[in-house]
Amino acid sequence: VPNPPGTSTAGRGAGTSPSVNANTSAGARVSVPADDAYTLTDVVARLRRVLRTSIRADYPWEALPMAQVELLQSLAESAPARVGDLAVRLRLAPSTVSGLISQMMTAGLVERGTDPADRRVAVVELSANGRRQLADWHAAHRDRIAGALGELTPGERSAIDAALPALSRLVDRLAGQRQEPPHARGTHTAG
């Protein structure tokens, strides 16, 4: 894994790695080695990119934009949903979600309806085709990951398995963070 931009490995020993100071969700200030944050970001980005690229070779429909996949996943978790609620969940502008929904309606992935509690309000839900496409997407990813995991050593698989609960908590923490300007979240320091 390459070294984080703006850092070097020269003279690095215990306690000398550059760090990133950040606030936790509880408001505590913590210092995390920049290498750890950079490496995790890099690995997750590469995993996501390689997974999508490898699956596109076998499944042409996988060209579905990730924003549409995320909208399908959100609707699978909780539907029917209002456009504004989807925008909040996905942290997108309502106009962006409306545009995605229009594209997805044209592709037959979602359907518009009315809110049973307030017939004046439009809601969106997965169509049968959208459910099938999302199930296929999940199966393709699961199969690809399972195949790659099968090529690892038992120790490597155990290490990944042991890391999953912490990674899940990390996702929850990131999802719970409110959007702040970068300068409010933390600063880079050299020690």
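What average pLDDT does the protein chain have, and what share of the residues score at least 70? The chain averages 79, and 75% of the residues score at least 70, where pLDDT is the predictor's confidence in each residue, from 0 to 100. Heads-up: this is a predicted model, with local features needing pLDDT of at least 70, side-chain atom pairs counting only at pLDDT 80 or more, and totals for chains, interfaces and linings using all residues. Residues are numbered from 1 along each chain as its sequence is written, and side-chain values use heavy atoms, leaving out hydrogens and water.

- Over residues 3-15, pLDDT stays under 50, and the model has 17 contacts (heavy atoms within 4.5 Å) beyond four places in sequence for them.
- Residues 179-191 also stay under 50 in pLDDT, with 24 such contacts.

**The hairpin**
- Strands β3 (residues 110-115) and β4 (residues 118-126) run antiparallel, joined by 6 bridges; strands pair if DSSP finds at least two bridges between them, and a strand is a DSSP run of E, at least two residues.
- There are 2 residues between β3 and β4 in this hairpin, and R112 sits opposite V124 in β4.

- Helices are DSSP runs of H or I, at least four residues.

**Around V110**
- Leaving aside neighbours within four places in sequence, V110 contacts residues including L72, L75, I101, M104 and V124.
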